[in-house]
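Please keep the sequence and the structure in view while reading.

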Amino acid sequence: MSQKEFMDQYVLENSWPENPLLMKHRNEYNQMLKFLSLQNRRLFCFKASHLTYQKIRKMYGYGHNRTQKYLNMEQDKTDSRFTAELAIIHRVPNLWLEHHEVEDEWSTYHFHSIGKSPQSIEELLQLIATIKESDEWIQGFILRARYSGFIFLRLEAQRGNILIEVNNKNARPTDIYWLLSNLKQYNYEVGEIATVIPSQDNLAIVCKKNHIPFCLPIGFNSIKSCTKLGT
């Protein structure tokens with residue numbers, strides 16, 4: 001079918017119900033997103049993430065018009081902060097939301113565009129402690145690491161619990177163990193999450209603060225052996 005037929009039938013009418021199955025086949029998912037035009041890629045990622053105008057306004061404060069202009073390619077210039085926040089939600093490099101022709105290169109540069117300074121482990125723990133069961137949000141977080149540079153985190157609050165994803169292309173094992181040692185007060189599970197880039201798996205930590213089931217993302221695989229951490 002044509003790209004238009006695909007978008008009309010599977011994305012707009014049905015919000016792409018097959019997407020979870022497709023994401024389990026990363027190479028096919030990668031090729032499909034590359035095939036789509038930039039506008040359709042933006043719309044596909046938006047729908048596949050189950051986002052709405054209301055959710056975007058609640059999480060980031062952007063109004064309906066701002067999101068609509070982004071999806072309809074009507075903005076005069078690229079809003080780096082807006083695309084950076086959506087790239088973090090979608091688990092794609094920000095350039096995949098800004099250019100039609102893209103490469104299989106993972107990036108964390110866009111974390112610097114979300115307007116937040118690097119923060120300490122104490123500030124991260126305070127944020128986790130204040131999450132309520134009514135909270136539902138996703139945000140980027142730049143953590144000042146103990147042993148090296150920064151750790152770029154994707155945080156997803158879900159009914160009082162949180163999913164912490166390490167987005168670094170090559171995270172140092174010492175920094176990962178240091179992060180985990182600061183989360184030992186929680187009942188956590190460690191795993192990996194596949195991204196659209198075939199060579200990039202993000203280390204993921206599910207921190208449970210209550211007994212409410214956590215809806216794990218597609219592509220999450222538990223890590224049973226600690227020898228894989230930080231690789």
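Which residues form one aromatic cluster? Y60, Y62, Y70 and F82 do, where rings of Phe, Tyr and Trp (its six-membered ring) pair if their centres lie within 6.5 Å, with planes under 30 degrees apart counted as stacked, over 60 as edge-to-face and the rest as tilted. The model is predicted, so that local features need pLDDT of at least 70 and side-chain atom pairs count only at pLDDT 80 or more, whereas totals for chains, interfaces and linings use all residues. Residues are numbered from 1 along each chain as its sequence is written, and side-chain values use heavy atoms, with hydrogens and water left out.

**Aromatic contacts**

- The count comes to six aromatic pairs, and one of them is the tilted pair of Y29 and F44, at 6.3 Å centre to centre with 50 degrees between the planes.
- This pair links distant parts of the chain, as Y29 belongs to helix α3 (residues 26-35) and F44 to helix α4, 15 residues apart; helices (H or I, at least four residues) and strands (E, at least two) are DSSP runs, numbered from the N terminus.
- Both Y29 and F44 are buried, a term that means under 20% relative accessible area, with exposed over 50% and partly exposed in between (1.4 Å probe, protein chains only).
- F111 and F152 form a tilted pair, at 5.5 Å centre to centre and with 55 degrees between the planes.
- Because F111 lies in the loop between α7 (80-90) and α8 (121-129) while F152 is in strand β2 (residues 150-158), this pair ties together parts that are 41 residues apart in sequence.
- F82, a member of the aromatic cluster, has R66 over its face at 4.3 Å from the ring centre, by the rule that NZ of Lys or CZ of Arg is within 6 Å of the ring centre and within 35 degrees of the ring normal.

- Helix α4 (residues 38-48) is mostly covered, with nine of its 11 residues buried, and it is followed by H50, whose phi is positive, near 60 degrees.
- Leaving aside residues up to four places away in sequence, L33 touches R41, F44, C45, W96 and V196, contact meaning heavy atoms within 4.5 Å.

**H90 in helix α7**

- H90 is found in helix α7 and counts as buried because its relative accessibility is 9%.
- With residues up to four places away in sequence not counted, H90 touches C45, F46, S49, L51 and L97.

**The sheet**

- Six strands form an open antiparallel sheet in the order β1-β2-β3-β5-β4-β6, two strands being paired if DSSP finds at least two bridges between them.
- The edge strands, β1 (136-144) and β6 (220-222), each pair on one side only.
- β2 and strand β3 (residues 161-166) pair in the antiparallel sense over six bridges, and R154 has E165 in β3 as its bridge partner.
- Helix α8 lies across β1, β2 and β3 and runs at about 165 degrees to β1, where axes are lines fitted to C-alpha atoms, for helices over the stretch in contact, and angles run from 0 to 180 degrees between N-to-C directions.
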